[in-house]
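Hi,

Here is the structure I promised to pass on to you. Have a look at it first, and then read my notes below.

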Amino acid sequence: MTHFKLSPKQKAARVFSYLFMALCVLVALFPIVWVVLSSFKTNREILSNGLQLPSTFSFSGYKQALEMAPILKFFVNSLIVSFASTALNVLILAMAGYVFAKKKFRFKNLIFGILSLSMVIPSTALMSPVYTVITKLHLYDTKMALILVYTALSMPISLMILRSAFAAIPTELEEAAYIDGAGFFRTFWQVMMPCAKGGLASAAVLAFLESWNEFTFALLLTSSTSTRTLPLSLSYFTSQFSFNYTAMFAAITIAVLPSIIVFSIFQEQVCSSLTAGSVKG
Amino acid sequence: MKQRNTGWIALFLAPTCIIFLLIFAIPLVMVFATSLFDYRLLPRTFEFIGFSNFVKLFTQDAKFLPVLKNTVVWIAIHCVLHVALGTILAFILYKKPHGWKFVRVTYMIPNIISQSAIAMIFLNLYNAQYGALNSLLKAIGLEHLQHNWLFDTATAFPAVTMTWFIFAGYTTTLVLAQCLSTDESIIEAAKIDGATSFQIDRLVMFPLVKRMIGTTVIMAATYMLQMFSMIYITTGGGPGVSTANLPLYLYTTVKANNYGYANSIGVVIIIVGFITMTLINRLFGMNKED
């Protein structure tokens with residue numbers, strides 16, 4: 001790499017760097033690899049030595065896991081809830097973000113200030129009243145309840161990302177659309193929205209991750225298999241699979257693998273969304 | 001033109017405002033209001049008792065102060081050590097050593113999969129019978145160090161802490177992005193002036209990314225203040241309340257049908273959050289415009 005001779009101090013720094021990097025990779029991968037490998041072992045193998053490699057690669061654990069618990073049902077529930085809440089969140093916050101970025105109206109700063117409150121309230125503090133509100137709306141144990149709550153949970157970050165995304169679009173573009181005869185809605189939908197693509201994507205990625213992984217409100221607001229989501233299904237495995245460790249490890253693998261695959265494909269997008277969210281939030 | 005737009009503006013704001021009202025504003029008012037009531041269902045009770053819930057929390061409830069202490073200690077550990085871990089890695093990676101991209105992506109994986117999956121993985125890693133940790137200790141002949149990690153009073157707190165402390169990929173990603181976006185000529189100039197790599201890190205790079213580190217500290221604090229699932233799945237707060245935090249205690253109080261009392265815990269969470277954020281903002285000068 002370098003043409004200069006390294007001093008002992010620099011060498012030590014370099015060794016430390018690589019050791020530290022190796023340790024971080026080990027910490028991140030070991031637990032997952034251990035679970036995946038264990039999912040191929042028999043119960044007896046798991047109990048006799050936790051670190052031994054599986055003797056054969058059998059998928060029977062996966063078959064049993066899918067038979068013993070409605071994992072696919074939970075998976076589909078998670079997909080529906082996450083896609084619906086992400087779409088709803090991005091759509092309504094794009095509308096709000098556009099108005100806050102580009103329009104002048106009375107009480108604008110006041111309304112924005114109040115909405116920004118959602119950023120500083122820890123949502124877990126609101127568990128009990130959110131439960132009450134959802135029950136009063138007759139939405140307890142429905143997917144709609146989760147869609148509504150998740151739309152709200154991602155509200156603060158989406159509002160910040162989308163407001164600055166619209167603010168960055170030159171106002172001339174908007175004026176040109178007006179002069180060409182486009183109304184309020186058409187200007188927003190056909191001119192502004194395509195220009196805010198980057199911000200929309202960032203907000204969508206963050207909202208989707210939040211909904212896909214959320215646990216607390218899912219536990220609080222649902223009770224039946226027809227509404228429960230994937231993160232919850234895992235805690236349910238502890239009792240369901242008490243004596244079938246192979247199936248339990250298989251179930252965990254089924255739960256984490258899709259996220260890892262999707263992340264590996266979209267990692268650039270995910271990382272830039274996270275960065276966008278933090279800068280604006 | 002202006003006149004006609006008012007309707008559109010209201011229409012565009014309405015959905016956001018309605019959801020904000022339902023999920024944030026009304027619940028927020030309810031948390032503060034009902035924290036002053038003895039409020040239960042079955043049998044239905046709704047009686048104004050002033051600050052009695054708070055008095056009870058701080059003077060009579062043997063569980064509350066340990067739970068509050070756990071929460072505060074965890075926030076402190078997360079804000080300082082966890083962020084330091086992520087930042088050190090970012091400072092290593094921005095110099096683009098071999099494999100830096102691989103490390104960045106890999107270290108992020110535990111932050112992308114759900115907390116409940118991580119919790120389930122650790123429940124097994126720590127298992128007394130077949131867990132990887134005890135198996136490893138056995139393999140290297142340190143059987144006397146084996147524990148029932150999550151369920152032994154002596155080890156439960158550090159064992160639970162490890163399930164989130166070591167995964168600082170989020171911090172690394174953010175600080176690294178900030179490091180990489182700084183003007184390379186600044187670093188080059190420092191090098192020409194004869195600054196060592198450590199001096200560049202400390203005197204040039206650190207001040208440039210300080211605000212971003214402040215942001216990750218805020219995120220770390222928020223994360224810990226909301227932590228629920230990993231404790232719920234691994235230890236359930238036990239043994240006793242040795243690994244319980246405020247959200248978990250709030251949840252169990254709700255489940256015990258004691259809503260007014262639960263909401264007074266909610267008020268404490270909001271206040272702890274407010275104090276923490278104010279402190280962090282002061283410390284990192286986040287309120288100053290540049």
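Let's start with a loop: Asn257(B) sits between helix 12 and helix 13 (259-284) of chain B. (Buried is 20 or more other C-beta atoms within 10 Å of a residue's own, exposed is 12 or fewer, and partly exposed is in between, with C-beta atoms placed from the backbone.)

Before you go on: this is a predicted model, where local features need pLDDT of at least 70 and side-chain atom pairs count only at pLDDT 80 or more, while totals for chains, interfaces and linings use all residues. Residues are numbered from 1 along each chain as its sequence is written, and chains are lettered from A and ligands numbered from 1 in the order in which they are written.

Asp141(A), in the loop between helix 6 and helix 7 (143-153) of chain A, has a positive phi of about 60 degrees and is not a glycine. Asp141(A) is partly exposed because it has 15 C-beta neighbours inside 10 Å. His138(A), which follows helix 6 of chain A, also has a positive phi, near 60 degrees. Within helix 6 (residues 127-136), the buried residues include Met127(A), Pro129(A) and Ile134(A).

Back in chain B, the peptide bond from Gly238(B) to Pro239(B) is cis, with omega near -10 degrees. Pro239(B) belongs to the loop between helix 11 (229-234) and helix 12 (246-255) of chain B. For background, most peptide bonds are trans.

How do the chains meet? In total, 73 residues of chain B are in contact with 67 residues of chain A (contact: C-beta atoms, placed from the backbone, within 7 Å). On the chain B side, helix 1 (residues 2-34) gives the most, with 18 residues. That side has 51 nonpolar residues, 22 polar and no charged. (Ala, Val, Leu, Ile, Met, Phe, Trp, Tyr, Cys and Pro count as nonpolar, Asp, Glu, Lys and Arg as charged, and the others, Gly among them, as polar.)

Enjoy exploring!

Methods:
Contact = placed C-beta atoms within 7 Å. Helix = DSSP H or I, 4+ residues; strand = E, 2+ residues; numbered from the N terminus.
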